[in-house]
Structures are given as C-alpha cells and as structure tokens.
Amino acid sequence: MYRIVSAIFLAENIKKFEIEAPRIAKKRRAGQFVMLRLSETGERFPLTIADSDPEKGTITIISQGAGKSTRALNRLEAGETITDVVGPLGTPSHIGNFGTSVSIGGGVGTAIAYPTAAALKAAGNYVITINGARTRELVILEEEMKAVSDEAYITTDDGSYGFNGFVTQKLQELIDSGRKIDFVLAIGPIPMMKAVAEVTRPYGIRTVVSLNPIMIDGTGMCGGCRVTVGDEIKFACVDGPEFDAHLVDFKNLADRNRIYQHEEKASDEAEAHRCRLAAQS
Amino acid sequence: MDAKNITTKERLAIPRQVMPAQDPVLRAGNFSEVHLGLTPELAQMEALRCIQCKDPVCVQGCPVNIKIDQFIKLIAEGDFLGAARKVKEDNVLPAICGRVCPQEDQCEKVCVIGKKREPVAIGNLERFVGDYERLTGQRIVPEMAPPTGKNVAVIGSGPAGLSCANDLAQYGHKVVVFEALHELGGVLMYGIPEFRLPKEIVRDELDGLRKMGIEFRTDVVVGRTITVDELLEEEGFDAVFIGVGAGLPWFMGIPGENLIGVLAANEFLTRVNLMKAWDFPNSDTPVFDCKGKNVAVFGGGNTAMDAIRTAKRLGAEHAYIVYRRSEAEMPAREEEIHHAQKEGIEFMLLTIPLEFIGNEQGWLTGVKCQKMELGEPDDSGRRKPVPVEGSEFVVPLDMAVISIGNGSNPLIKQTTPDIEVSRKDTIVVDVNTMETSKEMVYAGGDIVTGGATVILAMGAGRKAAAAIHEKLSGKASSFNEW
C-alpha cells in the first residue's frame, strides 16, 4: 500500500498526487514511469513520474481522468492509499548539453515534459518550453515550466491565453525566426507528437517523443507495449518510453492503442450505470 | 493385495490407473482444472505397480533426484504423509511439479515397467501426495536449522526463486524474496493457466514458505527499484540469487505482425491468468473478446497449448494451432497436445505463416500460410520443414497469438553490467554452483537456460542454495541433504 500525501486538481480532470514511495523517489530519473494498480481487481497502468523528493520519500504523478482507472485514481484524496506502485521503470531520458533545447508539452503531456525540461536546464541547455492546452483553464504547471525555462511560451487552441494556436505553430515560428534549435522533446497526444516530428524533420533537428502504448507488467515480460521504430520492434517499457520521433510509426501506435476501445466503452458504461444506481439510493 | 506380500507378477498385472478428468466438452467451456486427481485407492493401486527396482533409474531421470522408489513404497503402504515428506526432501513443490513436469521425458521415460507396459504414473503419484498434504490440512513443517545470522536476497518468486528460498531458509538463513509483479509465483501465476495449475495451490505453497519465516516483498523491480549492488552493500544481504525468468517475447518478423489483434502469448496469458481478464468487467483488465471468433496460436510448445486452450475457453469458434513441423516434433507435452485435441483445438501442422492480413483500420482479418513438408534432419535432429511451392492459402482470423519463445529479461543486464551474460543475454554461471561472474551473486532458471521447465528451474534454485550455504557457512553440503 502506498499512501497519498497530497492530491490537488491542477485543472478540470487533471490531478496531481504526491505518493509515499521512498525507494522509487530515491532512484527515479527524468523520463521514467511507474505502474499503478488501485485495487485487487484493478488493472495495471503506467504514469510518468513528474517529480520526486528523495528527502521526503515521495514521488509526484499527474493524472488526467481518461479511462476507468485514471478516473478512479482522480477520485482518491490525501490520506488514502494506492494498492501497488512499481518503479521507476523505463530508460531515463538521455540528457546532455545539446545547446538550445525546446521542450513541448501538450495537455497533460506537460507533466511529462516538465521533469525532462528541468533536467535539460540542469545540464546547461538553453531551455525553451512550449506549454500547450486546448484552453486557458487546462494549462498546467505554468509556474514550474517557467522556473526551468530561459524562454517559456503558452499556447492555447482557442487563443484564450498566450499564443493563439497549436504548439507546432509556435515551434515553426521559432524555427522561421532563424533560431538555431538543437534538440526538441515533444510529449502529448499522438497527433501532436506526430505533427511536431513533421515540423522538425525537414531541418534534421533531433526530436524525441515519449510513447504511451498499452502496458501490462511494464517490466519487460509481456510484450504488450511493442512499438515500431524504424524497421524494428521496440518495447516501450524497457527500450523506451522515449524514442526518436522521426523513426516512430505513429499510426501503428494509434491503431494498437485502440484494441480495447469496445471493452473500454463497456467498462465506462458499467461505471456510469453504477454511478446512477448510487445516485438513486 | 497389500504392499508387503504382493509378487512382482501381480504388480505387473495391474494396469496403469487412469486419473479422473473433466469431460472434454464440458471443460472446454470452463477454467476449472482438467484432471481431478487420484483417489487414495487409485493412488495405492498405482503405487503397487512399482516393482521397487534395486537401482531405480527413475531417480536419475528426475532433474532433482526425488527418491521416487521410496515415496511410492510409502504410498503403497498407505503412509501418504510419509510419502509427502519423502518427496519434499528433494522437491518442495510436489503439487505443482506433479502437474506441470514433463514426466514422460524424465522419470517415466526411463521407468523399467515402461519398457513393455505403460510406466508407473510417477507424476500423478507426486501430485497425489502434494494434494493429500494440502487437502487434509496436515502441512509438513520442514526441519529448520538454527538461525545462522546470514541474509540472502532472492530476486524473483517463480519456481527457481521459491525452491532456492525454501532451501536457504531450511539451512537457517534469513531469506527475503523480491517480486516485480503485485502477485507472487512468477510464471506459475501469470503464465500457466488455472485449468492446468489452480492458483490456489500456488498460494497455499507460498503460505507454507511464509510460515518458514521467508519474507516476501512485491512491487520491487530489482535493477530499477533497488540494485543488486545496493542489496549487497547497503541492505545487508550476504548473497543474492537471481531467478527473474524469461523476458520479452520473440516475434516472427513477418509482414502485418503489428496489426491490431496480433499479440504475444505472454500478453494474452498474463491478461487472463494474472489480471483475471476472463472476469471482465468485474476485473478491470480486458482481453480480446474471443466469443465466436477465429483464433490461431503460432507455435508448438506448452505455452502455445496453454494459449489456444485459453482462447477456446473464452469462446473461440475456431481455435487453431499453426505449427511448421509435424505433431511428432512439437515441443509441447504429449498430454497437453491430446487434451487440446479432445477439446476441439484444430491443428494446422506443417504450416508456416507468411503474412498477416489486415483491414484499413489496422485490424487483423487473416493470415496467409504456406504448407511445408519435412526434409532432412537439421541441427536439432528434427526433420527440417521445407516450403511446398504454390501451396499458399489464407485463413480468416480475428486474433493471432505468437508463441515462439522468449528472450531474456533485459533489466539485470541493463542495470548490473558487471554480471556476465551470453550472446543471448542469458546470465553466465558456473554450472556446479550457479555462481555468476559477480561475487556472492548466483542465478538460475530461465534467466540462465533460456525458456525451460519448472523443474529445471527448481533444480537450479536448489543447487544455488547449496552453494550459497556452503559459501556462507564455510561448510560443504549436498543439496539433497540438510
């Protein structure tokens, strides 16, 4: 059992948790993730570690309620416990002094882009961050991103805050302005990561994305998280989750993530049904 | 007939006793165990078939040299608990090994009776004594040496780790077992299905080990959560045993393998066994809905049989085994092949997949196959399959499960570079002691051998425990005696 020390909503449906996990807190490096399981009948699901405090023995995760498990997680409060938290898993981000680095976070992906941006800053990079969201209320970690950036930009799809448009448009603007960009990290929804890869490809800018395939064990056993990178099969849980954006087959990733869409829908409906019953009683 | 006065001729006249089993049609629709176990009467009768050879070759045929003649004699005399105790001197998990060991290739293969008749059902008898002990609630508490004050970390709670932990505890060492998953048992829990090995049996064995003072910690991925060096240098362990099992599954490298609906046997079985996806949506983890669908498993080993029989139980309309050689070359146990056939599994032998076919949405719709014929024997001594020109055909499929083996678990290699690994990334050990290239670190099971059997892993765990004990106590010990 892993105790939740604090739980606060950063935006509607996006919640930040600090969880007691001293061993993981001590070991964790940017880019790594944990597998969680909320109950005896719960599924195992991965979430990237956003931050950690080895002194306090806590890790921070940020969850967007998208499926049954993440919604259940987001209902938990400080003082409650999580049945299983395993990690830190995955290969840490490759951090070096690349020169000028752009860290792009889309939606809750910002939670994953943030620790790597911080590590890039610590390694001596000139760090530009682009923090994108659909609308102002969904912008998360604005202050945190600013604190590790030499230049910080916010973009919103509806123009309600910061730059009016997509993160890719802001990135293109930076490139067009003649800035020399040496490294791009992009984390967010699959279409966003794919779009960023296409923006940087013509310029040969090294670009890394963090992938989110379906996982079960997360430790290198089941093979569920296989992704196509170049001509090779890679396993996100041990070879990744970060890969060269210009080699990733994003369509295949998006396709494979849909395998349980019917079951997920059934699960959502069952949950909605239970909620209605609970509301009636 | 009684055990004392029976003549050899009378023994030889007794037919091999058939273990009651669930009806094949019935069982293909449930996850309950196929075999129901021998009754005490059947077990005693079967035990009387053993002619008590002066030089029991069956003992040599067993990877851990269980005193087979002696435990069978005790069964014949009706001393079932004594028999259990005798088995447990060499094998701590008889209820498990009695079920999953390939006895027909080991002890029963060399049984003298088996030369002219059917061999003594050693596996069924082993299972019987393990079950008898459990079901009658008379767990045998093994003799424990006084505490030595030494601490040993065992990494992985599968067959290798559990047998190693058991022996070390009996030698008097404090043992802590670390498991990466949320549930203990390794492949016994995530890999082997309920209908072949009920999970209750594994849990019961784990309870027994806990009562011996062995400590278990789940959710610890060694190499990630804690390293081997930290165990030795900071956590106060005097030795470490690595039994982390096999790793990532192999794929065939044919076109279309990444279509939706193509998955590895490890994933399919883990979803159903460990995550209880058969009970979706009561269990949160889903599995591909097999009801009324066409499912094929590619491969011919025990895991392939487990996977296809699982798909059948989940309601598959057509459940195929696609294997490139003939039945004789299949690595699966004969018993498993027969069970599968009786349950309605369709075997496409001498068939090789060329390409998976999908629709525009990326879902699997079929597989293009080619017929093979057997040519000259290859390096493995098995006749090499050769493609038959112009024999291509397409099988409509909704799910394909790849079951052609596993590589090694990659984490130890990634995180503990000073442990020497082979070209295949298995850990290199001294075969006599199971010691790795790193001092006080031992390894055994699939991480050393590549995919093998439960009993070989257990044998390796025991050999390592004996060597660790010798190193820690400065005393020589044979692993068959404590």
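Modeller: Start with strand β14 of chain A, residues 226–229, in this predicted model. In a regular strand, side chains alternate between the two faces of the sheet. Here both faces are covered. Arg226(A) and Thr228(A) are buried on one side. Val227(A) and Val229(A) are buried on the other.

Now look at the partner of β14(A). That is strand β15 of chain A, residues 232–235. The two strands pair in the antiparallel sense, over four bridges. Within this pairing, Thr228(A) stands opposite Ile233(A). So what joins the strands?

Next, turn to the open sheet of seven strands in chain A. Its order is β11-β10-β9-β8-β12-β13-β16, with mixed pairing. The edge strands are β11 (163–164) and β16 (242–244) of chain A, and each pairs on one side only. Further in, β8(A), residues 100–106, pairs with β9(A), residues 126–133. This pairing is parallel and has seven bridges. Thr100(A) has Tyr126(A) as its bridge partner in β9(A).

Helices pack on this sheet too. Helix α3 of chain A, residues 110–122, touches β8, β9, β12, β13 and β16 of chain A. The direction of α3(A) makes about 165° with that of β8(A). Helix α6 of chain A, residues 190–200, lies across β8, β12 and β13 of chain A. α6(A) runs at about 165° to β12(A).

Note on methods:
Residues are numbered from 1 along each chain as its sequence is written. Chains are lettered from A and ligands numbered from 1 in the order in which they are written. This is a predicted model: local features need pLDDT of at least 70, side-chain atom pairs count only at pLDDT 80 or more; totals for chains, interfaces and linings use all residues. Side-chain values use heavy atoms; hydrogens and water are left out. Buried means under 20% relative accessible area, exposed over 50%, partly exposed in between (1.4 Å probe, protein chains only). Two strands pair if DSSP finds at least two bridges between them. Contact means heavy atoms within 4.5 Å. Axes are lines fitted to C-alpha atoms, for helices over the stretch in contact, and angles run from 0 to 180 degrees between N-to-C directions.
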